[in-house]
Amino acid sequence: MSVVGAVSFVALSSFLQGMLNLLPVKTFDGGRMTYCLTARLFGERAAERLVDIFSALSAVVLWTTALYMMLRISSGHGIYVFAVGMFASTLKETEIF
């Protein structure tokens, strides 16, 4: 792998990690931003409920996408394990279920 290829890989990985961090999941930065914006508009109790709903929906979407990719590509179980872990921790932290 050339130096340019390695730098491109690191840059793409950092960008994708930043985009993942902006998902509206309770423990990510996107969840914190969502909470702050909705708490100002609707109150803290409603904001907490909305962030719980967004966290659960984001976890389900990420999990199903990872499952589809795992079945379609037949390799790369790392993203599936990450998505299952995030899904489980989100369900544990939210008070929806």
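**Burial, salt bridges and helix packing**

Colleague: Why is D52 called buried?

Modeller: D52 has a relative accessible area of 2%. Buried means under 20% relative accessible area, exposed over 50%, and partly exposed in between (1.4 Å probe, protein chains only). At 2%, D52 is therefore buried. This is a predicted model, in which local features need pLDDT of at least 70 and side-chain atom pairs count only at pLDDT 80 or more, while totals for chains, interfaces and linings use all residues. Residues are numbered from 1 along each chain as its sequence is written, and side-chain values use heavy atoms, with hydrogens and water left out.

Colleague: What makes D52 and K26 a salt bridge?

Modeller: Their closest N and O atoms are 3.1 Å apart. A salt bridge requires a side-chain nitrogen of Lys or Arg within 4 Å of a carboxyl oxygen of Asp or Glu, so the pair of D52 and K26 qualifies. D52 lies in helix α3 and K26 in the loop between α1 and α2, so the bridge ties together parts that are 26 residues apart in sequence. Helices here are DSSP runs of H or I with at least four residues (strands would be E, at least two), numbered from the N terminus.

Colleague: Which other residue forms a salt bridge with K26?

Modeller: K26 also pairs with E48, and the closest N and O atoms of that pair are 2.8 Å apart. Here too distant parts of the chain are linked: K26 belongs to the loop between α1 (3–21) and α2 (29–42), and E48 to helix α3, 22 residues apart.

Colleague: How do you know that K26 and E48 are partly exposed?

Modeller: K26 has a relative accessibility of 23%, and it is therefore counted as partly exposed. E48, with a relative accessible area of 28%, is partly exposed as well.

Colleague: How many salt bridges does the structure hold?

Modeller: The structure holds 3 salt bridges. One of them joins R32 and D29, with the closest N and O atoms 3.1 Å apart. R32 and D29 are 3 residues apart in helix α2, so about one helical turn separates them. R32, at 48% relative accessibility, counts as partly exposed, and D29, at 35%, is partly exposed too. Salt bridges that share partners join K26, E48 and D52 into one network.

Colleague: Why are α3 and α4 called roughly antiparallel?

Modeller: Helix α3 (residues 44–73) and helix α4 (residues 77–93) pack at an angle of about 160°, their axes being 9 Å apart. Axes are lines fitted to C-alpha atoms, for helices over the stretch in contact, and angles run from 0 to 180 degrees between N-to-C directions. Angles under 35 degrees count as roughly parallel, over 145 as roughly antiparallel, 65 to 115 as roughly perpendicular and the rest as oblique. The two helices α3 and α4 are therefore roughly antiparallel to each other.

Colleague: In what kind of crossing does α3 pass α4, and which residues make the contact?

Modeller: α3 passes α4 in a left-handed crossing; a crossing is left-handed if the near helix is turned anticlockwise from the far one by less than a right angle, and right-handed if clockwise. The contact (heavy atoms within 4.5 Å) includes A59, W63 and M70 of α3 and Y80, F87 and T90 of α4. The residues of this contact divide into 16 nonpolar, 4 polar and no charged. In these classes Ala, Val, Leu, Ile, Met, Phe, Trp, Tyr, Cys and Pro count as nonpolar, Asp, Glu, Lys and Arg as charged, and the others, Gly among them, as polar.

Colleague: At what angle do α2 and α3 pack?

Modeller: The angle between α2 and α3 is about 145°, and their axes are 8 Å apart. α2 passes α3 in a right-handed crossing. Among the residues that meet are G31, Y35 and F42 in α2 and E44, E48 and F54 in α3. By class, the contact of α2 with α3 has 8 nonpolar, 3 polar and 2 charged residues.

Colleague: What makes R45 exposed?

Modeller: R45 lies in helix α3 and has a relative accessibility of 76%, so it counts as exposed. L91, in helix α4, counts as partly exposed at 30% relative accessibility.
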